[in-house]
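User: Could you go through a few local features of this model with me?
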Amino acid sequence: MKAAVVNGFQQKLEVKEVEVPQAGYGQVLVRVKTCGVCHTDLHAAQGDWPVKPKLPLIPGHEGVGVVEKLGEGVTSLKVGDRVGIPWLFSACGECDYCLTGWETLCQHQLNGGYSADGAYAQYCVAPAAYVARIPDELSDVDAAPILCAGVTTYKALKVANIKPGEWVAIYGIGGLGHVALQYAKAMGYNVVAVDIHSEKLELAKELGADVTVNGSETDPIQAIQEQVGGVHAAISVAVTRKAFEQAYKSVRRGGSLVVVGLPNADLPIPIFDTVLNGVTVKGSIVGTRKDMQEALDFAARGKVRAIIETQPLEKINEVFERMEKGQINGRVVLTLD
Ligand code: NAD
Ligand code: ZN
Ligand code: ZN
């Protein structure tokens, strides 16, 4: 089969023939149709984070495909079912986190396209218990970005714990951010969209942002404090420390900053302001299988729809180059057929 492979960090991916994997016990073999390109895949290929991925690695955790073969013991799926390969590739199912609906915090989890091979390939294997079920209403292309960008931002909004009618700022209107904004609107929040590229803010306006701020021209902290008196929650999905610092300072008293983007940087929090303003800072990592079902349901009902550019797998290195420069508007989805 054809796959895009990371052989070493900071190197171009190699698109080459590799062996089709075998579905083990409890796993299914999936014939991949599409896979979204998440900035996490770029972090993986560059070895950006303290915890490194396996090497060689096939990235991809927004994979959509069809079950082609069932491994031993699989009873919950049948050949021909449409499934998604997510970041939460597997978890132990038995620890405190798994038992309390926080399987995304399981210390024994594997991650698709990071510690397990993902969907930048014509085939991949995944545990039947953790693949997503793709609703009939969604095409293979439209479903892909929901599997990470969608579920992650939907969960981050839940974690933000705000009420309809309150204000949320989304820092970074990229792959995650442009979907975050749509979930936020669908959930009844008022949205401030912040980015440093004007075409992303144009998109944000089209998608219903109530206020847009170009951080390369205007100080977003001042703009947000002046125009809406600070937001009830800020979600940073940008890949730069500056956006996190600004997001923190955009929050009103009693509000929260939800940390989602993953630049390899520290976020210094001023103790005095945090205490006196009663600010919460919280991390949020993807979403559970239940969150995934809900996030997909929003999309199936047409309330959220990613803006998508499709590219063949062979173009992955060019896509990564553009992503690094912030030149992708919406999400790129790779096609494998
Ligand atoms: P992306 O490259 O598509 O989008 C990043 C956006 O941030 C771009 O639109 C860019 O213009 C914007 N940006 C850059 N500097 C900015 C600034 N100073 N202020 C405002 N906006 C700015 O990336 P993506 O695929 O959306 O992923 C974003 C981040 O989220 C990555 O670090 C990724 O690894 C991380 N991520 C986290 C989770 C999680 O579960 N926590 C899940 C998926 C992705
Ligand atoms: Zn992702
Ligand atoms: Zn567990």
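User: Does glutamate 137 count as buried or exposed?
Analyst: Glutamate 137 counts as exposed, at 59% relative accessibility, where buried means under 20% relative accessible area, exposed over 50% and partly exposed in between, with a 1.4 Å probe and protein chains only. This is a predicted model, in which local features need pLDDT of at least 70, side-chain atom pairs count only at pLDDT 80 or more, and totals for chains, interfaces and linings use all residues. Residues are numbered from 1 along each chain as its sequence is written, and side-chain values use heavy atoms, with hydrogens and water left out.
User: And where does glutamate 137 lie?
Analyst: Glutamate 137 lies in the loop between strand 9 (132-133) and helix 3 (140-143), with helices being DSSP runs of H or I of at least four residues and strands runs of E of at least two, numbered from the N terminus. Its C-alpha is 8.8 Å from that of glycine 302, although glutamate 137 and glycine 302 are 165 residues apart in sequence.
User: Switching topic, is asparagine 111 buried or exposed, and what relative accessible area does it have?
Analyst: Asparagine 111 is buried, with a relative accessible area of 11%, and it is found in strand 7 (residues 110-111).
User: What does asparagine 111 touch, not counting residues up to four places away in sequence?
Analyst: Asparagine 111 touches Trp87, Leu88, Phe89 and Ala116, contact meaning heavy atoms within 4.5 Å.

Note on methods. Chains lettered and ligands numbered in written order.
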